[in-house]
Amino acid sequence: MWKKVGVVLGASISLCSCTTIDEPEQALMTSITPTREADVPVNPQDFERAGMSVFSYRVGVHTGVCAISPHGVTCQGRTPQDAPMVTAVPLPPRKADSIYAGEDGMHYTVFEGVGPAQGELRPGQSIRVNENFCHYPDDATLRCTSGDALSYTITDEEGAIDPSGQLDDPPVWTLPEYW
C-alpha cells in the first residue's frame with residue numbers, strides 16, 4: 001500500500017510503502033534547525049587604536065563600542081540598576097556604563113579614555129585577541145569571552161549586559177596620559 005507521509009517543518013512529501021500508524025506519538029517527525037554560517041574572523045589590526053582594537057556593534061537599534069586587547073575585552077551597554085559606582089581618576093565616581101572581562105577578572109566599569117571605534121563588528125563576524133573573543137551567536141546578541149570562565153552577552157533593544165561567571169568589585173583606575 002502507498003501512503004503519503006508529511007515531513008514536519010519541511011516542504012517535501014514522500015511516497016513510501018508503509019503500515020498505518022494509529023498513535024500520534026509514533027508519527028514520523030523531522031525537525032529542521034537553522035544553522036548560521038561560521039563566523040568570518042576580522043583582523044584586529046584593522047580596528048587598532050592605542051594598543052587595542054576598538055569596534056562598534058549593533059544589537060537591534062542599540063549601538064555601543066567595545067575595546068579588545070591581550071588583557072581583556074570591555075563593552076558599553078546597559079548595566080543593572082544596582083551596578084556599582086566606578087572611579088576613573090581624575091574623574092569623579094559615576095555609575096558603571098560597561099563591563100570588562102579579562103586577566104583582572106570580570107567587573108563593571110566606565111568606558112573612558114578609549115577613543116572612537118575604528119570600524120563595526122557585524123553579525124557573522126568575530127574578533128579575537130589571544131584568549132579574548134567577541135562574536136554574534138545570533139543577529140540580536142553580542143557575546144564576548146575571556147578564557148573559559150568569564151563571558152557576557154549584550155542583548156535586547158536597550159543593550160542589556162548579562163554577565164556569566166564571577167563578577168568582582170570594580171577597581172579604582174587611572175585614565176591613560178593621552179586622555
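Among contacts in the protein between residues at least 6 apart in sequence, what percentage join residues at least 24 apart? The share is 51%, where contact means heavy atoms within 4.5 Å. This is a predicted model, in which local features need pLDDT of at least 70 and side-chain atom pairs count only at pLDDT 80 or more, while totals for chains, interfaces and linings use all residues. Residues are numbered from 1 along each chain as its sequence is written, and side-chain values use heavy atoms, with hydrogens and water left out.

**Overall composition**

- The protein has zero helices and 18 strands; these are DSSP runs numbered from the N terminus, helices being H or I of at least four residues and strands E of at least two.
- Of its 179 residues, 37% count as buried, that is, under 20% relative accessible area, with exposed meaning over 50% and partly exposed in between (1.4 Å probe, protein chains only).
- The accessible surface comes to about 10600 Å², and 53% of this belongs to carbon and sulfur atoms; areas come from the Shrake-Rupley method with a 1.4 Å probe, and for residues only the protein chains shown count as cover.

**The six-stranded sheet**

- An open sheet is formed by six strands in the order β4-β5-β6-β7-β11-β12, with antiparallel pairing; two strands pair if DSSP finds at least two bridges between them.
- At the edges stand β4 (48-49) and β12 (105-109), each of which pairs on one side only.
- Strand β6 (residues 62-69) is joined to β7 (residues 72-76) by four bridges, and I68 stands opposite V73 in β7.
- Five bridges join β7 to β11, with G72 opposite G102 in β11.
- β11 and β12 are likewise antiparallel, with five bridges, and form a hairpin with two residues between them; the bridge partner of S98 in β12 is T109.
- In a regular strand the side chains alternate between the two faces of the sheet.
- From β11, S98, Y100 and G102 point one way and I99 and A101 the other, and all are buried.

**Strand β13 and its partners**

- Four of the five residues of β13 (residues 125-129) are buried.
- Strand β3 (residues 40-41) pairs with β13 in the parallel sense over two bridges, P41 standing opposite S126.
- The pairing of β13 with β14 (residues 132-138) is antiparallel, over four bridges, and R128 has F133 in β14 as its bridge partner.
- β13 and β14 form a hairpin with two residues between them, and N130 in the turn has a positive phi of about 55 degrees.

**Nonpolar cores**

- A nonpolar core is a set of buried Ala, Val, Leu, Ile, Met, Phe, Trp, Tyr and Cys residues joined through side-chain atoms within 4.5 Å.
- The largest such core has 30 residues, of which F55, C75, L121, I127, C134, L142 and Y152 touch the most other members.
- Leaving aside neighbours within four places in sequence, C75 is in contact with residues including V65, C66, L142, C144 and Y152.
- A second, separate core of six residues includes V54, V65, F111 and V114.

**Residue G60**

- G60 lies in the loop between β5 (52-59) and β6.
- G60 counts as partly exposed because its relative accessibility is 41%.
- Although G60 and D156 are 96 residues apart along the chain, their C-alpha atoms are separated by 6.6 Å.
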